[in-house]
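Welcome! Please work through the exercises below with the structure open beside you, and try each one before you read its solution.

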Amino acid sequence: MLRGPAQTTRLRQLLAGILLLLAPAVEARAENARFDASGYLKTLYRYSRSGLSGSPYWSDLSRVRTTLELSRAAGGEPDAPVLRAHADYDHELLTGSYLHSAEWRRYGTAEPPSYLDMEGTISSAPDAFWRHRLYRGWAELRSESFDLRFGRQRVAWGTGKLWNPTDFLNPYPPASIEREERRGVDALYARRGLGELGQAEGVWTLADRWSASDLLARVRGNRWGSDFSLLAGKVAPSTDSWAAGGDFAADVFDGNFHGEWLYADLKTRTPFWKGLVGYEYDFGSAPPHAWLKNLWALVEYHHNGAGRSDELRYDTGPVTGGREVALARNYLGAGLRKELHPLLQVELYALANLDDQSTFLMPSLDWNALKDLHLLAGFQRFGGTRVSEYGRQPDGFFAQAQYFF
């Protein structure tokens, strides 16, 4: 994605700031400095059909991600503040007939705009698209009781597994194939410890104008063995829009009972509520019945007050813009994961739109074929009418190989 000179200047300023902060660690190579490098190589093949034209297509996404982290303690004491810088640098090559599809021509990479220009197109030929980007890039000052972080990062709020009503800074669609890929946000983040289990957090997301930025505070604590949090603040898209919410997680019958709630008044539409309640349970290695061994199960209900009950009135704009991940109001979701062998794992995710009765199923099989090499194959099944949320999307098969280094 090509950006303007202003964003390019911001990226250069950010990189210069990170390098400036890292300079002492790089130069010193001292006993207080540390450098770590890791990453992965992935190729993801997908076969599906255009939801716009009906034509079949295939695509192959190859990605090399290099993770670099430099850190240096400010002194020799164990509790001395640590200066850290982190970067996830990607090269991605997309090939296949998908590049000739109506979806590619209309949506491209289908990623919402960001404040910092951290990616660039290297080549955009008819049969291949090659880009590089900083998936994450931030600098941080961390101590035992205080963190200050700046750059592209993920601010992980909420306790939901399939949906996160309180995580509107970087929401992710629950039907995505790459579930571990979570979009980051360009922000300044601060955290202050409150006692042994509590903390206060603040985040300011960067934007070209104040109305498009978010400024939020969150307080988290522990009571009766359970975690609770409350958040509130200014949110996009207007100067007066605001939101407040919270979440909880508690151990109930050896499982995790969790929930979230959010009330938002965006001033551009009718205020709305969002909520989620769910339960997950891991049967572990010694369950009462052998077939339950190493089985993990999850069920969640999600109410999305920002959605519509009538499928003919769905508003796809907020979903395309990356601020929302659902069109309707009421959802039920479930997840199952079963370890068939220490090296073989089967997984199933199911979603149901309770308003238009459309459904989504995604079974997959993960094989740890060699040390650091995982092979994955799965299927996406969308059910419902042509105008329903999931029914309008075509089925698809995917296969993936990922090597970690």
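## Exercise 1: Aromatic pairs

By the pairing rule for rings, the count comes to 14 aromatic pairs. Keep in mind that this is a predicted model.

**Task.** Find the rings of W242 and Y263, and work out how the pair is arranged.

**Solution.** 
- Step 1: start with the geometry of W242 and Y263, whose ring centres are 5.6 Å apart and whose planes meet at 50 degrees.
- Step 2: planes under 30 degrees apart would count as stacked and those over 60 as edge-to-face, so the pair of W242 and Y263 is tilted.
- Step 3: W242 belongs to strand β11 (residues 242-252) and Y263 to strand β12 (residues 255-265), so the pair ties together parts that are 21 residues apart in sequence.
- Step 4: check how open they are. W242 counts as partly exposed, at 36% relative accessibility, and Y263 is partly exposed with a relative accessible area of 23%.

**Task.** Which kind of aromatic pair do F248 and F257 form?

**Solution.** 
- Step 1: the ring centres of F248 and F257 are 5.3 Å apart, with 55 degrees between the planes, and the pair is tilted.
- Step 2: F248 is partly exposed at 24% relative accessibility, and F257 is partly exposed at 32%.

## Exercise 2: A charge over a ring

**Task.** Over which ring does the charged end of R337 sit?

**Solution.** 
- Step 1: follow R337 to W296; the charged end sits over the ring of W296, 4.3 Å from its centre.

## Exercise 3: The nonpolar cores

**Task.** In the largest nonpolar core, which residues touch the most other members?

**Solution.** 
- Step 1: this core has 21 residues, and L162, W163, Y331, L351, F360, Y390 and F398 touch the most other members.
- Step 2: see where the core comes from. Two or more residues each are given by β14 (295-304), β16 (344-353), β17 (359-370) and β18 (373-383).
- Step 3: look for a second core. A separate one holds 17 residues, including F168, L169, Y189 and V203.
- Step 4: return to L162 and list its contacts. Leaving out residues up to four places away in sequence, L162 touches, among others, Y172, P174, L298, Y349 and L351.

## Exercise 4: Two buried polar residues

**Task.** Is R131 buried or exposed, and which side chains does R131 meet through polar contacts?

**Solution.** 
- Step 1: locate R131 in strand β5 (residues 128-142).
- Step 2: buried means under 20% relative accessible area, and R131 has 4% relative accessibility, so R131 counts as buried.
- Step 3: the side chain of R131 makes a polar contact of 2.8 Å with the side chain of E92. Another polar contact, of 3.2 Å, joins the side chains of R131 and E119.
- Step 4: widen the view. Not counting residues up to four places away in sequence, the contacts of R131 include D90, H91, T109, E111 and I122.

**Task.** Repeat these steps for Q199: where is Q199 placed?

**Solution.** 
- Step 1: Q199 is in strand β8 (residues 198-205).
- Step 2: Q199 has a relative accessible area of 11%, so it is buried.
- Step 3: a polar contact of 3.5 Å links the side chains of Q199 and E201.
- Step 4: beyond four places in sequence, Q199 touches R191, R192, G193, L194, R218, V219 and R220.

## Exercise 5: Backbone details

**Solution.** 
- Step 1: the bond from A236 to P237 is cis, with omega near 15 degrees; P237 lies in the loop between β10 (226-234) and β11.
- Step 2: W224 is not a glycine, yet has a positive phi of about 55 degrees. W224 is in the loop between β9 (215-223) and β10, and is exposed at 74% relative accessible area.
- Step 3: D372, also not a glycine, has a positive phi of about 70 degrees. D372 is in the loop between β17 and β18, and is partly exposed at 34%.

## Exercise 6: The whole chain

**Task.** How many helices and strands does the protein chain have?

**Solution.** 
- Step 1: the secondary structure comes to 3 helices and 19 strands.
- Step 2: compare the overall dimensions. A compact globule of 405 residues would have a radius of gyration near 22 Å, and the protein chain agrees with its 22 Å.
- Step 3: of the 405 residues, 44% count as buried.

How values were computed: Residues are numbered from 1 along each chain as its sequence is written. This is a predicted model: local features need pLDDT of at least 70, side-chain atom pairs count only at pLDDT 80 or more; totals for chains, interfaces and linings use all residues. Side-chain values use heavy atoms; hydrogens and water are left out. Helices (H or I, at least four residues) and strands (E, at least two) are DSSP runs, numbered from the N terminus. Buried means under 20% relative accessible area, exposed over 50%, partly exposed in between (1.4 Å probe, protein chains only). A polar contact is a pair of N or O atoms within 3.5 Å; within protein, one must be able to donate a hydrogen and the other to accept it, and residues adjacent in sequence count only if both atoms are side-chain atoms. Contact means heavy atoms within 4.5 Å. A nonpolar core is a set of buried Ala, Val, Leu, Ile, Met, Phe, Trp, Tyr and Cys residues joined through side-chain atoms within 4.5 Å. Rings of Phe, Tyr and Trp (its six-membered ring) pair if their centres lie within 6.5 Å; planes under 30 degrees apart count as stacked, over 60 as edge-to-face and the rest as tilted. A charge sits over a ring if NZ of Lys or CZ of Arg is within 6 Å of the ring centre and within 35 degrees of the ring normal. The radius of gyration is taken over C-alpha atoms; the globule rule is 2.2 Å times the number of residues to the power 0.38.
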